[in-house]
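The report below goes through side-chain contacts, a strand pairing and a surface patch. Please read it with the structure at hand.

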Amino acid sequence: MTGSNMSDALANAVCERCQARFDPSERIVNSNGELYHENCFVCAQCFRQFPDGLFYEFEGRKYCEHDFQMLFAPCCGQCGEFIIGRVIKAMNNNWHPECFRCELCDVALADLGFVKNAGRHLCRPCHNREKAKGLGKYICQKCHLIIDEQPLMFRNDSYHPDHFNCTHCGKELTAEARELKGELYCLPCHDKMGIPICGACRRPIEGRVVNALGKQWHVEHFVCAKCEKPFLGHRHYEKKGLAYCETHYNQLFGDVCYNCSHVIEGDVVSALNKAWCVNCFSCSTCNIKLTLNAKLLPPSFGKQPRRSVAKSQSQSVPWLDISLLVSMWT
């Protein structure tokens, strides 16, 4: 368009707001082909000029940022601020894209999608974990789906077994797979490597091994059958294929030596209504170890006055034959 034609067009143009013509020397505002006097290009709500020329248009009317937010912009359900631009509408609310996050793991959901779970918006992996927890099942850490069969435990996480193959033979694994030095092996390949298996958790033992009860154990898994506390190298007592700490073995099965107060292992000497270790059964006066052929005097005999024994030649001394009182127990 030539200068003369433009002048003719402006001479015939009118302001979009006041419908008045323009003076050739004044500044004109052009907004998407609509012409305004500079003083007429104002917010439709507060009638003030737009700061820095920034405005928002809604249903053919222009507003400053403040009035547009007050009149039309939704508030974010998370931060409470007005939302300008992209709005996420979910859970009967509006959200900034960066504010709409999984309520459990805090991952942004705007581009991932979400699942309603008990009134919460969750990402799909968290939803699956919560669902599995309610069913008493595991969730696969690779595909994030519920594991209906027995899971494969790898590095303390649960997986579908068929996500892995044996490091040695390449066969698809089952729940019986074993981990060794960060790699997974099928059971036959693992057994060929001679690695001991814990009698409690059925996992390989790579560190210290406890050999007891005809099995091998992780140190932390060899525990008392009653209180379930690890022995950690302390003494244990075996009974009917189970291991017990000294306290609970004594409570359930054992005899405690009257002299040393320890559970008696092996032979038990029963005398004077008490139990003794064979090595602890000794004279209470001189501490000489007593044998099966020794004679016992009850404690009350030593308290008799000497002359009362000598007065009567016919009075019998109450000797006790230990062979009649001692029984040997295994």
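## Aromatic pairs

Counting ring pairs of Phe, Tyr and Trp (its six-membered ring) whose centres lie within 6.5 Å, with planes under 30 degrees apart called stacked, over 60 edge-to-face and the rest tilted, gives 13 aromatic pairs. One of them is the stacked pair of Tyr56 and Phe68, with 5.1 Å from centre to centre and 10° between the planes. Because Tyr56 belongs to strand 3 (residues 56-58) and Phe68 to helix 2 (residues 65-71), this pair ties together parts that are 12 residues apart in sequence; helices (H or I, at least four residues) and strands (E, at least two) are DSSP runs numbered from the N terminus. Both Tyr56 and Phe68 are buried, where buried means under 20% relative accessible area, exposed over 50%, and partly exposed in between (1.4 Å probe, protein chains only).

This is a predicted model, in which local features need pLDDT of at least 70 and side-chain atom pairs count only at pLDDT 80 or more, while totals for chains, interfaces and linings use all residues. Residues are numbered from 1 along each chain as its sequence is written, and side-chain values use heavy atoms, with hydrogens and water left out.

## An edge-to-face pair and a ring cluster

The ring centres of Phe100 and Phe114 are 5.2 Å apart and their planes stand at 90°, so this pair is edge-to-face. Phe100 and Phe114 are both in the loop between strand 6 (93-95) and strand 7 (115-117), 14 residues apart. Phe100 is buried, at a relative accessible area of 1%, whereas Phe114 is partly exposed, at 30%.

Ring pairs also link Tyr36, Phe41, Phe50 and Phe55 into a cluster.

## A charge over a ring

Lys142 lies over the face of Phe164, at 5.5 Å from the ring centre; the criterion is NZ of Lys or CZ of Arg within 6 Å of the ring centre and within 35 degrees of the ring normal.

## A hairpin

Strand 15 (residues 209-212) and strand 16 (residues 215-218) run antiparallel and are joined by four bridges, where pairing requires that DSSP finds at least two bridges between two strands. Within this pairing, Val210 stands opposite Trp217 of strand 16. The two strands form a hairpin with two residues between them, and Leu213 in the turn has a positive phi of about 55°.

## Phe72 in its loop

Phe72 is located in the loop between helix 2 and strand 5 (88-90). Phe72 is partly exposed, with a relative accessible area of 32%.
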